[in-house]
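Please open the model in your viewer and keep the selection panel at hand. The tour below goes from one selection to the next and says what is to be found at each stop.

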Amino acid sequence: MSNVVVADEAPGAARESRGAGRRRHKMSSRRKKEAFYFWLFISPWLIGFVGFLLGPMIASVYISLTEWDSFTAPEWVGLQNYTEALTEDPVFWKALWNTFYYAAVSVPLGLVIGVWLANLLNKRVRGRKLFRTFIYLPTLVPLVATAMVFKMVLAPSGPLNDMLGWFGIDGPSWLIDETWVKPALIVLSAWGAGGATVLLLSAMNGIPRELYEAAEIDGASPWRQFWSVTFPQVTPVIFFNLIMGLIGAFQIFSQVYILTAGGPNNASKTMVPLLFDEAFRFYHFGYASAVAWLLFIVIMAFTLIAFRTSRKWVFYETEVR
Amino acid sequence: MVDKAQWRRGAGLAATVLLGAAALAACGGGEAEDDGTLKMVVWGGDLDKETYQARIDLYESENPDTKIELQLIPSDQYAQKVQTMIAGGDGPDIMQVAENVNSYSSKSQLLPLDEYIEGAGLNMEERFGPAGELYTFEDQTYAIPDRSGAMILYYNKDLFDAAGVEYPTAAWTQQDAQAAMEKLTIPGEQWGFSGAGWWAQWWSFAYQNGGQIIDDSGKPAVNTPEVVDALQWANDLQYKYHYAPTASEYADMGPDMGGDPAFAAGTVAMNATGFWGIGGLLESDINWGIAPLWGGKEQAVSAFGSGLSITRDSDNPEKAFEAIDFLTDTEAQTVIIDKAQDVPANIQVQQSDAFLSPAWAPEGLNMAAFGESSEFIFRAPFIPEWEEMQATFNDNLGTFWNEGGDAKTELDKIQTQLESVIE
């Protein structure tokens with residue numbers, strides 16, 4: 001019976017050993033109860049998942065194949081929305097490029113700053129707790145408030161350019177300059193690097209001290225200690241931050257919306273603001289859904305690449321043989 | 001024999017899917033029972049809420065059997081929320097609409113009101129003047145004007161006196177305005193004008209030149225010499241003559257800085273904006289006045305306003321129209337000006353003492369400027385693709401407004417793009 005094999009994986013039967021196949025059609029009352037509670041406790045999540053995630057996702061696949069203004073009946077157009085986005089719409093490619101640019105710079109930059117700060121905060125210095133608090137603080141400020149403050153910070157004669165002026169650098173007009181608006185968004189993202197720092201710091205705290213002691217006896221410099229002891233031990237957390245950072249960067253929305261609304265000349269328009277405008281300002285739900293799925297594919301591809309390459313550089317102690 | 005464990009699992013999944021579907025259905029089916037209450041949605045802030053509610057209270061006290069439930073939505077979320085309501089089959093009875101009215105009417109989400117207008121014996125021309133035609137689309141009326149005021153010119157009397165310039169009047173031409181700006185500008189410190197980067201401002205210049213954004217046959221006409229000259233002039237005032245602050249200079253003044261706050265701070269001598277400017281200025285220290293905007297080859301100025309419409313979801317369109325009729329009649333419209341919210345669309349109210357000398361106005365404020373301007377308001381093209389048209393302008397003119405540039409080049413690009421946007 002083929003279904004016996006399938007049933008072996010049924011959650012309710014998880015505890016059963018493989019050898020007991022013959023008695024499987026009769027569940028003991030204890031296992032029945034267990035199965036009942038399994039479904040009872042998982043159901044809130046399952047209902048939420050099917051009703052509010054899987055359902056809308058399937059619906060959006062359908063919508064992406066139609067032309068729909070959200071008011072009148074959708075009209076089937078096949079793959080036209082996809083071909084339009086990929087071949088005709090210059091804004092789509094611009095937005096995709098902007099999104100890549102942002103992700104390609106902000107994610108690595110955030111990780112480098114995060115590791116650097118975490119390493120500093122891991123040193124036994126006075127006021128360490130205070131510094132830790134300060135570095136995490138930006139993450140706690142609501143994004144809208146941060147963005148408003150950054151409008152002032154990034155003003156052409158604002159504090160940031162004043163600071164650059166001390167070094168003889170004539171700062172650009174950040175948010176109103178096509179070339180500099182994306183770097184401006186990246187500056188804002190770097191400000192929130194404290195979130196990654198906290199995770200990395202806890203990973204660094206978990207590194208056994210004897211590894212450093214042994215390294216010191218062998219005459220390793222602090223730099224060497226960092227690369228040969230600290231870094232390999234925190235790669236799983238770096239990897240986690242990389243994946244979350246990639247997904248977050250590809251989905252950047254609020255910062256763009258508040259700071260520039262995508263301008264000037266679409267220079268800061270990224271994928272999510274693009275699909276938001278298409279859906280909720282121009283009433284092109286079909287097109288917006290197609291853009292959403294294209295973005296999904298892009299994120300999926302990059303996440304896969306990250307996972308594939310992770311074997312080469314992510315170190316799990318439990319895997320050491 | 002079906003394996004029991006498998007059956008259970010199947011049943012569990014089926015139950016989950018069913019429950020999930022039920023949860024979804026419940027979201028869609030949240031329609032309230034019809035108890036004669038009218039739902040009315042408007043956008044705005046506290047003052048708007050207070051004013052609309054006061055008008056509704058008037059209506060309810062005269063029609064005790066009808067209740068109107070007011071829902072105020074913050075302006076930046078309005079379009080999205082209303083769209084969701086309508087798409088969910090739960091549109092309001094009465095809905096405030098403005099420039100993008102025909103995004104809805106062209107998709108038959110609003111009821112044509114002509115029958116109701118006729119049935120109620122409402123004379124649109126008599127009550128609203130030219131504004132009565134503002135919300136018609138393909139010969140049918142989709143909204144009744146509710147608020148409607150021309151853009152007017154605010155000027156700083158002290159700065160004018162100090163520079164020895166006569167106060168502006170409707171008789172000014174673009175050249176007069178530019179000459180005044182020159183005298184009113186102190187480089188890097190004070191500017192003669194706040195700039196004209198907003199559609200309502202530079203489009204006024206285009207129509208003053210005799211141009212049109214969308215021509216009479218419904219085609220875009222934005223790269224005609226008239227429109228090009230207007231846009232170039234507006235830009236030159238900022239980047240060639242420096243009579244108006246540049247984008248960088250505004251950004252340095254503070255976050256979300258623009259003409260209105262800069263005028264209230266006394267840094268710019270003239271600012272063209274709507275009635276709402278008054279609210280901010282009543283509390284400012286500067287000595288200000290208002291006048292109609294200058295003209296060009298002809299006089300033309302844009303207007304701001306909104307109308308009240310009835311959505312196709314309304315269970316009770318007759319009652320909803322009765323309410324709109326009342327809300328746009330003299331008594332309820334007077335509240336709009338008493339509370340200093342906006343210019344009422346009703347022209348009888350615009351000509352009344354209540355409007356011309358409101359209790360809150362500073363001594364000698366020329367409220368007649370609104371009535372005077374109403375004679376040369378141009379009719380902005382409220383096409384169904386309004387939002388996309390605006391986005392096309394904003395996208396292409398981003399750098400132009402931030403750094404200066406050539407109007408013809410930009411408008412040629414915009415013309416091509418608009419031709420594909422507008423069917």
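Two residues are in contact if their C-beta atoms, placed from the backbone, lie within 7 Å. With that in mind, select chain B of this predicted model: among its contacts with a separation of 6 or more, 74% are between residues 24 or more positions apart. The C-alpha trace of chain B spans about 95 × 55 × 45 Å along its principal axes, and its secondary structure comes to 20 helices and 10 strands. Of the 423 residues in chain B, 47% count as buried.

**The sheet in chain B**

Next, show chain B as a cartoon and look for an open sheet of 5 strands, which follow the order β2-β1-β3-β10-β6 with mixed pairing. At its edges are β2 (67-73) and β6 (144-150) of chain B, each of which pairs on one side only. On average, neighbouring strands of this sheet are turned by 15° against each other, direction ignored.

Now select residues 37-43 of chain B, which make up strand β1, and you will find that β1(B) pairs with β2(B) in the parallel sense over 7 bridges. If you pick out B:M40, its bridge partner in β2(B) is B:L70.

Colour chain B by its domains: domain 1 takes in 37-149 + 303-370, and domain 2 takes in 152-302 + 379-421. Taken over C-alpha atoms, the centres of domain 1 and domain 2 of chain B are separated by 28 Å. Where they touch, 18 residues of domain 1 of chain B are in contact with 19 residues of domain 2 of chain B. On the domain 1 side, the elements of chain B that give two or more residues are α4 (101-105), β10 (303-310) and α18 (368-374), and α4(B) gives the most, with 3 residues. The residues on this side of domain 1 of chain B divide into 10 nonpolar, 6 polar and 2 charged.

**Across to chain A**

Turn to chain A, where the domain assignment gives domain 1 (2-64) and domain 2 (83-319). Their C-alpha centres lie 38 Å apart, and 4 residues of domain 1 of chain A are in contact with 6 residues of domain 2 of chain A. The domain 1 side of this contact in chain A has 2 nonpolar, 2 polar and no charged residues.

Select A:F38, which is found in helix α2 (residues 29-64) of chain A. Is this residue buried, exposed or partly exposed? A:F38 counts as partly exposed, because it has 17 C-beta neighbours inside 10 Å. From A:F38 to A:Y82, 44 residues apart along the chain, the C-alpha atoms are separated by 41 Å.

After α7(A) comes A:G168, whose phi is positive, near 75°.

**The nonpolar core**

For the last stop, select A:M271, A:V291, B:I94, B:I152 and B:L153, the residues with the most contacts inside the largest nonpolar core, which has 164 residues. Helix α4 (residues 90-121) of chain A gives the most to this core, with 9 residues. Around A:M271, leaving aside residues up to four places away in sequence, you will find that it touches A:A95, A:L96, A:T99, A:F250, A:V291 and A:L295.

Definitions and conventions: Residues are numbered from 1 along each chain as its sequence is written. Chains are lettered from A and ligands numbered from 1 in the order in which they are written. This is a predicted model: local features need pLDDT of at least 70, side-chain atom pairs count only at pLDDT 80 or more; totals for chains, interfaces and linings use all residues. A nonpolar core is a set of buried Ala, Val, Leu, Ile, Met, Phe, Trp, Tyr and Cys residues joined through C-beta atoms within 7 Å. A residue is buried if 20 or more other C-beta atoms lie within 10 Å of its own, exposed if 12 or fewer, and partly exposed in between; C-beta atoms are placed from the backbone. Helices (H or I, at least four residues) and strands (E, at least two) are DSSP runs, numbered from the N terminus. Domain bounds come from an automatic or database domain assignment. Ala, Val, Leu, Ile, Met, Phe, Trp, Tyr, Cys and Pro count as nonpolar, Asp, Glu, Lys and Arg as charged, and the others, Gly among them, as polar. Two strands pair if DSSP finds at least two bridges between them. Axes are lines fitted to C-alpha atoms, for helices over the stretch in contact, and angles run from 0 to 180 degrees between N-to-C directions.
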